[in-house]
Every structure is written in C-alpha cells, then in structure tokens.
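Hi,

Here is the structure I promised to pass on. Have a look at it first, and my notes follow below.

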Amino acid sequence: MTRFMDFHEDLKLPAEAIAQIAEDTRNGRADRFGVRRIEPCHNPDGKVYCLLEGPDEDAIRQHRARQLLERESSLASLAGYVLEARRGQGRFVLVAGEAGVGKSALVEQLERDVPDARWFWGVCDGLFTPRALGPLLDLAGQLDGELLELCRAGAGRAELFAALLRQVSEPGTLTVVVVEDIHWADEATLDLLRFAALRIKSASVLLVVTYREDDMAAGDPLRAALGELARQRCTRRVELAPLSAGAVRKLAGPAGLDAAELYRLTGGNPFYVTAVIAAGVARVPAAARDAVLARAVGLSGGARAVLDAAALTGARAELGLVESVTGCPLSAVDEVLASGLVTVDGAGLRFRHEIARLAVEQAILPHRRGLLHARVLDALASAGCADDARMAFHAEGAGAGPAVMRYASSAARQAAELGSHREAAAQFERALRFTAGAAPATLAGLYGGLATELGLLDRWQDAAGAGERALGLWRQAGDRLGESATLQQLSVTMWRLCRGAESVSAAEAAVAIGEPLGPSAELARAYAHLGQMRAGDGQYDAAIELSRRAQGLAVSLGVPEVLSYALNTEAWSMAAQGGDWVALMRRALEIAIAEGLQAQAGRGYANLHALYCGQRRFGEAERCYAEGVAYCDEHDIGTYGICLRGERTGTLEMMGRWEEAAALSMEVLARGGASPVNTINPLSSLGKIRARQGASGCWECLDEATQAAVGTGEPDWLVLARLARAEAYWLAGEPTAAMREAELADDVCARTDTWRRGAVAVWLRRTGSPRPPRGELAEPCRLQLAGDWADAARLWTSLGCPYEAALALHDAADETALRQALTICTSLGAPAAAQLTRQAMRRLGIRSIPAGPRTATRAHPLGLTPREREVLELICAGHTNAQIAAKLFISAKTVDHHVSAVLAKLDAPTREAAAAHASRCLRY
C-alpha cells in the first residue's frame, strides 16, 4: 500500500518529526511499528507530505503516542510558556521527575513543536566531577562569538554570565536554552541559573532545566538554589509523574507482555517500560536494567566496543573520539544506533537515558574498563582537550597516577576560581589519592589547597586534618615560607573549632617564622590574621597596629586580599573602642567584592552585620543581612553564610521575634557540619528563648554554647554565653547560680565594648552581686543602673528591644512599671519572666494581678495545650478531621476548633505548613 499523507493536517506532526521518523527507518528502528519506508517530500501547494509504505495513519499516531503517552498537559503548559516568551516575558521552567520519567523526551518533543526558535543545549554530566560551568561551555561552543572568546581567554564568571545573557537575548528572536540534569550541577552553574532567572524576565528567552528530585540529599546545594529560583516571578514548574497502569497496559498489549507484571516491576517508569518492550523478551526480566543489556547482546564485537567506549565517555561522546578509541568503522556506529540505546546528537552520540549508559558501563569487565579509559585519555590529549576535570576522570580510571595529579589539581584550582568549592575539594581529594612518589612540597600544596576549600565549605574538622598534613610536609621540604602560610591557615581552622589557645599559638608562630624571611604576601597575611586574634582577645590597640602593618605590606606588594582582611579587623577594633568604623568596614567589603575575593567578602558582610546588630542598628543590619546571605549562598561560602544566619538569630531574639529566631536557630543547627564557633549564637538564642518560655531543652543548648565559648577564650563569646546562663538561672529562681554566671562574665568584660559591659553591669545588679560596673556603658544600661527605669525602658523600646524594656520595668519597685513589664512579657510569650514579675507584684502587695496561661500550655515549645498537641500529632500523621475525631473520641466540630487553634498558634496557612513547622521546631 502506497499513499500520500498530509502530516500537518492529519497527524499534526511538523516536518522535523517526519524527518526523525525517516531517520529511524533508515537506521532500522521504525520497522518495530510496521513502517517499511517513509520519506518527506514537498507538494506544489506548499504542504509537507510523506511517501509511506506500510501501515496507515493509526500506526504513525500510535508511534507518537508510545513516545509521549500522558504528557499532553505538560506539553500544553510548555507551549503556553513559549507564547509568553515570544511576547518578551522570559520564562524559567523547572522540569522535575525521577530518572527515566521522560524529562529529556518532553523537551525534545517541544523542540520539534517549536522549530522556528533558536535552540541551545547544555548538560551536567554525572559521570565525573565536572569542570566548573560545564553547561555554559557547551552553550559557548554552540553560540560561538563573544562567549566562546571569553571562555578561551579564561574570563571570570561575571563576564561569562553577562556575555551569555547578551547572546541569548537578541531582540526579535525566540531563544530556548536547555540545561539538562542540574542535579549534577556544580555551584558555579547553579549561580549561573540564579543569575539568568533574575534577568530573563523581559527577554524573549525560554530557559528550561531538568533535574531529578529523588536523588537530592538533605544538604544538597540544589535544594537551596531551587528555593530561590522558585520565588522568581518568571519561574514555572512542570512535574512529570510515572505512567499510569492504564498507559502501561496500552504499551504492553502489542508486545504481548503481562501488563500488570510490567507495571509492578517498572512502577510505570517510561524508560524501563519501553526498554523492556524494545528488548523483545517473552517475559519481563527481574530487573528492568537487564532489558537494556538485552538490547546490546546481539551487537557485533566492533559495535559493542563503540557502545562501551561511549558509555565511559559521559553524557555525550564525540564520534571522532569514539572512532579513535575503538578503531571501528562507521558501520559499527550505525549498528549501535540501530539498537536504539543511543542517538545521534550533532557530531556525537548520546545515550537515550543515563540508566542505559550506567547499565552498559557497569557491565564492562574491570580490566577492559581501565584499558578503555587509557585510550580515551590518550585520544583526548592528542585532540588538545582543555577539560581538566574530564581528563582527571579518565586518568583515574586508567590508573595513571601522575596524570591524575596534574589534571585534578588544575581542575581543582579552576573550580575554586569560579566559586565551585565542592568540586574543587573533590578534585584535590582525587589528586591526593595518586601521590605515590610525589615531592613533599607538591603534596603540601595539594593538602593546603584542600584545607582552604574545606574551610569555605564549613568542614573545619576535615580542614584541620588537611592543614596539619600540609604543615608537616612543608617542614619536611624545608620551606619556611610555606610553613608560615600553613600555620596562619591552621590558626584560622583552630579558631573555628574553638581551640583558642592553639589558634593564638599558630598565629604567633606564623609571624615569628615569616618576619626573618623579609616582606612577602605570606607575612602580610600573617600580620593581618594575628591582628584579628588580638582583636578577638580585646587587645584592640595591638590589633590596629598589626592590621596597619599588614595594610602597608599589602599595598606595596599588591595583595588586595590582605588589604581587605586588615581593614576589616581595624574596623572591628575601632568599633569596640567607640571610634569611626563604618567607612573602614565598607572599604574592606568593596575591595573584596571588586577583586572577586569571595572569602573576604563573606567575612566583610558577616562582621558588618555583627557590628550593626551589636550596636542595635537593626534597620541597617537587616539590609546587610539580606545582601550578605544572597552573596554567600550565590558563591557557596558556607562558613560565612552560616555565620550571618547565626548572628541573625541573636538579632531576632533581641527584637522579640522569637519564633523566627528559634526556627532559624534550629535550621542552622540542623544543617550539621557547622564549625563550633558558628553554633554559639544559635545555641545561645535558642537556649534563652526556651528559658523564657519555660520550655524543655534550654540547658542542652546553653551547655553546648558555653563549652564552645570557653574553647575560644574570647571575651565577646564568653560574655554572651555566661549572661545567657545567668538569665536562665534567674528565670528558674536560682539567684545564687545566676550571680555566679554574671560574675564570670564580669571577669572578662573589661576587654569588650560598651554594650557588653553594660549588659554585664545590669545582670550583676539584677542578681545581687556587689561588684561595681567596669568602664563606660551603653546608654540604656547606664540609665537602668542610675535608677531611671522609665527612660531606660523608652530607649530600649525605641531601639526595638521589647524584652530588654520589660526587664528594665521589672527592676523598678513600681506598680505601673511592673504592670507594663507583665503586659510585654505576656505578649512576647515569656511566661517565666512574667511569673517573676507577678511575684514582685505580690511582694509589693499589688492586687488584681492578671493570670498567665496554664502550666501545661507553657511547657510545650509551641505553646499548645495537651489536646492541641494530640491534634497536631495526628495532623502530622496525615489524618483528616473525621479520623482525628474518631481517634480522640470527640466530635468533628470540636476537632475543627482545635485545628483552627493549632494553625493560628503556628501561624500556618495550611495543615501541611503546620506539620512542616512542627517538624522543624521539635527536631532540635
């Protein structure tokens, strides 16, 4: 049967789809659907026709349906986003789903449906630790022009991001950019996506990214990135679910397979379903992966060599590379294409799915795998491959130690420069696995680089181990300058681990070793760091002198990193002494940002925010916090991002926003891996809030915070931890213990600022200590000690510190003041402080004292009654109101009231939000 068919009218297929079917036919794959010959041709009327030999229109419709069954609504959504992008309303589309669910197939179908757009593709490869910005490099090769030139010139990420945006935003043309598998993306690529999502909203650009949600760990950077991306106005989301049992039944029928068994074993995963059907097996294999391998069983030796080489090469294998590695003719490539496991992708081969690539790769015998890696490595080297991460992967697979060290260390430094610190650390670790016979100085450099990257990731215990190895190796090599630099780095690490004495000793040794060697960047860095240590110990004059010495060297040697570092420390010291510090700190931050010094920029934001908070300048602190967190998250500066969040918990606590403070504290503490010094603030904030609310878990927090603070040996941390304990004892009715803690804070407060000295003086008075105040005090504290409680309370209120205002009023033996204090404490949810105020009122003989909430309600960390707590537990378990009523033997109407009360107390709009909030708050 031969006929002409109008595909546009009858089958709704564009010319590109017809061409694809024709290619399938030529490659021997279309005969599965009964098509013997099909080729596109053009009729004089301008429509596209095909000459078809084989089945009628229904067979072709079935062909298409098998490819994208149950994806009509997703395609319709994407079509709508295309129209919006055409109108200059750029869209960022997140396509999510499990492995094998058909994300790539969906986007490929969209490409066939929108042939008039410019299409560019990038991919994140999960086969090896990727080169930073791998997808951008893919796009550069396709876009050519400015972006490609900048990539070849080694330009910085800011230039690369801007160039990409310019090239894809050409007016009058719809551009579709696809980035696949971002669950494997490096940090720099995630930053690129953030950058693009903020800027394409007024461009004719559709940016589509695909990813798997099921593979993400709790601390995966992609989770945070997705949260930010989802908040952008241009972001849209498409989620793909597995096929239904009915859809699987439709597919299984023509193949003669047991549909129920097929659905049970594959879970409706389209890739596994089609792999089993295409394998042509009489029964479903125990594992669907076997179906993939079944399609490779009949390949000739040459074709199997091509398939194996492609599997070891990554997401996309260049045809020239595969031919060079295997030496096989093009006919072998054609045979592999006919198997349906791979498809042509430009001048390369691409597995239709990662599961298929993984199945083939794992089936390669170990000795053959190493040989193939070696051949790929040689072929890439001969071709001048500049992807050091890729070269390092194949070198490791080949067991080529020197090559691994060379390529992995280079890839690590490239990743660090582009802000992909996790990838940088992974590459340093890879290099260090192949160091047999390496010189001590080479090893020391690798361990030092690893220590730096681990520190930026807030993995300080691991950083300490790497730093100590580096120090021993520099000493073995007799390199005094390397030893000095490593001691300075180790000092930072020890401080982060709250090993204060070791930190100071290492900082002093770094200077002592570096000075006899003459001026150097290492000595400048050692001066700057020792200055920071002196500032932490309250030796502000010494800190300023060392910082200025470091600045002099930094300027003469051209080391902006040290200049920013030293200016930051000088600003901190000036602030503690009541001097003009803002201009110095702003300059330190500006230098860091302008020079791309990510760690120093993170430190600049953290210290600027901390000083604003310490001086109760909360409006400025809020703005600094927002900028700083955005910068640290964008550049994956985990240490300072956590530092900012930790300091923020104290700010929220002072401002009376306790629920936010507790939630953020638990978020920081739940992350795990944070350096001990970064936990002092959230632990102290959470401990104080629980003490004020009469909730459990107060002392676990305060004990851990105090242990860390004592480890630092620094007055600021010690005052914070000791006063938190003093308040907790005071609220618990233990004045003697409270006075002891206040006096321990007083022992070190002389080397702190006016705010901390003032707080110590107030708590000494409040707990009955006879000790006098030390030095100048902050104004509201001075007013309290002078007995001017009314003005003190007004000043605290104007600063935005309601709880401090309540305590100032509490200290007055006056009915009006005590009633005001009770009102504030009750509104804040501070029953412990409110109870002490009631006791003071009773001692004065005051009558008609307002009662507080029930004890059982106060005891629950979320302020719930016992019945409300039962209801919340059942909400968290997913029960409906009717089910809750049956379980608790109460009416459905009563349950409605309890659920409403729970949602109100948790400030949760939905039951799901209430469950999530409860999970966060009760975890720590």
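Predicted model: local features only at pLDDT ≥ 70, side-chain atom pairs only at ≥ 80, totals over all residues.

The protein has 49 helices and 11 strands. If you take the contacts between residues at least 6 apart in sequence, 63% of them join residues at least 24 apart.

I then went through two local spots.

The crossing of α36 past α37 is left-handed. On the α36 side, the contact is made by C698, W699, L702, D703, A705, T706, A709, V710 and T712. From α37 come W717, L718, A721, R722, A724, R725, A728 and Y729. Sorted by type, the residues of this contact are 12 nonpolar, 2 polar and 3 charged.

The other is a hairpin. Strands β10 (residues 342–345) and β11 (residues 348–351) run antiparallel and are joined by 4 bridges. In β11, R350 is the residue that T343 stands opposite. What sits between the strands? The hairpin has 2 residues there, and G346 takes a positive phi near 65°.

That's what I have so far. Over to you!

Cheers

Note on methods
Residues numbered from 1 in each chain as written. Heavy atoms only, no water. Left-handed = near helix turned anticlockwise from the far one by under 90°. Contact = heavy atoms within 4.5 Å. Nonpolar A, V, L, I, M, F, W, Y, C, P; charged D, E, K, R; others polar. Pairing = 2+ DSSP bridges.
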